[in-house]
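Open the model in your viewer and follow the stops below.

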Amino acid sequence: MIPTPVLREGDNAFERTLNILDMIYKFPDHISDEEVEGVANYVNPDIRNTVLGLFEIGSARDLEVLFVKKVIDILREAQRAKAEGKKVVFVPFTFPPEIIFAFENLFPVCTEVIAGLAVNVLAGQGERFWDFAMGIGLPDSLCTANTMTVGSFLMGPGLKPDAIVSNSPGSCNPNAKIHAFAADYLGIPQFILEKPVDDSERGRELYHKYLCDLIKNLEEFAGEELSEQRLREVVLKSSRAADLYNEFWELRKARPCPVHNIFNANILFLRSQLWGRDEAIELLGKMVDISKERLRTGEYTAPKEIARVYVSYIFALFDLHGFFPWMEKRGISILGDILAIHFFPPVDTSSKESMLRWLSEVTFDYPMTRQMGASEISLKWLEDISFAVKDLGADCCVYIGHHACKHTAGSLSFLRRELMKQTKVPTLTLVGDSFDKRHTPMSIIQEEIELFVDKVVSKRKGPKRRKKASTPG
Amino acid sequence: MSVSLGVQEQAAILTDYVVDWKDRGGKVLAYTCVSMPIEIIEAAGLLPYRLKALGHPDTYLADGELSPLNCSFCRSCLQLGMDGTYNFLDGIIESNGCDHMRVMFENWRRVNEPGFFHYLKVPHFFGEDSLEYFEGELELLKEAICEHFSVEVSDADLTAAMERQQEVRRMFRELCSLRRRERPAVNGSEVLALTINGSSMRSEDFLEVLSGVVEEREGAPGETPRARLMLCGAATDEVKWFEEIERMGGLIVADAQCFGARAFCQDYDTGGDPLRVLAESYLANLFCPRMYTEYDKRRDFILQTARRANVEGVIVLYNKFCDLHGVDAVLLRRDLAEEGIPVLILEKEYSARADIGRVKTRIQAFMERIGGGA
């Protein structure tokens, strides 16, 4: 029996999104174009772009229906876990959730996932949560994702976290501060995992000690010792997902790119919330299969692939349709963003210590932590984007600035210049925000991308025109 | 030495003191943050120089590298690094104070690589592992300085430098006690100007200046201010801001500023391994919002300082885009208000004189609220 959505003014982002998403549980596994159109017309205009973003493109649709059902499942599971006495731990999207899943008595919920859902599922796109946070005096230069989530939990009743894990200290001032603020305001413990700005062995060793301290603190908080067997199960699943991810990365190299643009958003969710669980393996496996089949048949959504874009920071996530399928239908393949650059070392599950070492390596080199917590931010960022651009054969980059990310804002001039030198790839710089459309609306982002692809990227790809000789005489 | 003559006129990037030091063959090593144990620089026979911008308004070169979303204090510093103003430095020590600062240095080095550069990596909390790491960092710093400047630094050199710094801190506390009086004998702008100037001096010379000022002002009658204020917040080296506030009748009788009292919080016994003592003292007394699990410690420090100085209101001043101070300010306002101390949060643009009218209006309103209005 599916509960009837009850929308209360005071409900926070978690409950409201869940109630609305429950509608999709009623969907059959296969839905037609007409049904998608019908749903898009039925829902609030703010959610219409989410419905179309997920379900418009036919060959991705079944997967997306399954995906949303898995999203609902995990959110419901978080609610149940809380009701059963487990402790809900908030983690940022730069922290591997599998570490929390390894505990019997803890359950992770990713803060950026909540913000992403609020922005894509709620009428008003979560803006009131941001506005509330501003109302209590927080600075407007904070990260919208984390601040919206915190705003929602400060505003109303609903699922409250029992603790916050923050691995932002060392790599991100705004998030580290908002996590600390939320813990203080809600009166819950905060466990930190600092990233030393030190890429040497000394830095890695310190980080490993910090991770072990974090585990000890979590053990005390959870009232259980981290079981080696449970850790092994989670690590093996995480490693299996990593293998599939690496396969996925290889598929992106094909021309035209057989991977649907919207899959980038799916993977971001999987890595942030479901890694270390069967659902991540199942969904990744299906996405790989779909992409392989498209590669085999040569299927591509547009008549021609006209540009291969690497997003050098993060996607605009407030309008899934306006960003992902919109580009796909125009022959612009999105190959990834900074959060897609994972380095998974080979796993050694022989002992608890070896698995913790592995997790410490994974976390140290986690996207965003690795670059923004590096000894030199701009060099590491350049190194990784340059690698992705060359490896995947991107022919342009798009940077969509996020007002909270002061390190990328202050390194972008260098990145753009050096990327052009090293890879001959131009960068389009856009001022915008991933979660808040009020910074730059999608129509402007689209206009700029279209112009950039038309006037810069396509022309560079075309045959070089020979200069005409001047007329003799 | 008179405070007004001896300090404010010399508050420049390149002071006569620094010129004189350089003329005599001395080397100048810059640093940025209160987390830097300047005793190590002093023990190496160098002049520790804290980077500052002194309200420098131009950022046209820096804006090509940094963005308008980066704090304008960092943009001003970078401007001075790019336009050659800071070419008199023989080296720079970076520390990871904040995200803005980190990218500022990366850009600086690309445009104008200093003769010596070292990155001192400072942990973001105090703990056994972080302390051990920080001690190792200080050892690496010492080795790098010795190698580059061809000097030797013995434990005895370090201990001597530490004893001098302790004297400076003791004298600074004396100065603060004059400021805390019912009729303060020295005001906030004078103290800030002094500490800014002192951040470009050797400790023995700064101690002489401080002692002179304390001696000169000790017997001064002072005046009863209309309002007793405390100033907290980010790196503010704009003496003019302090002057504007005090011109409106509020006297800054205490502070927890980065260029002010927070730079003098370290305290130690000079026995034991010097680097260990320095590591412990600097990391444990870093009352900066960059220390992530230590808000309670900062709040208590501010509360204690405010009570001791019998302040009527606290102004939290920080530059736009400073998330570290911006978030702490909200908690501080809540907690200080609970203790009966009103708080004014002032977010401002660094060096923007256009901002002054708006800020003055807010300060006037705050003064009226706390009963110090004209």
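**Stop 1: the whole chain.** Colour chain A by secondary structure: 20 helices and eight strands. Helices (H or I, at least four residues) and strands (E, at least two) are DSSP runs, numbered from the N terminus. This is a predicted model: local features need pLDDT of at least 70, side-chain atom pairs count only at pLDDT 80 or more, and totals for chains, interfaces and linings use all residues. Residues are numbered from 1 along each chain as its sequence is written, chains are lettered from A and ligands numbered from 1 in the order written, and side-chain values use heavy atoms, without hydrogens and water.

**Stop 2: overall dimensions.** Show the C-alpha trace of chain A. Along its principal axes, the trace spans about 90 × 55 × 50 Å.

Stop 3: Of the 473 residues in chain A, 65% are buried (under 20% relative accessible area, 1.4 Å probe, protein chains only; exposed is over 50%, partly exposed in between).

**Stop 4: one residue.** Select Ala163(A). Which strand holds Ala163(A)? Ala163(A) is in strand S3, residues 163-166. Ala163(A) counts as buried because its relative accessibility is 0%. Next, show its neighbours. Leaving out residues up to four places away in sequence, Ala163(A) touches Val88(A), Val89(A), Phe90(A), Ile188(A), Pro189(A), Phe191(A) and Phe221(A).

**Stop 5: a distance.** Pick the C-alpha atoms of Ala163(A) and Pro108(A). They are 9.8 Å apart in space, and the two residues are 55 apart in sequence.

How values were computed: Contact means heavy atoms within 4.5 Å.
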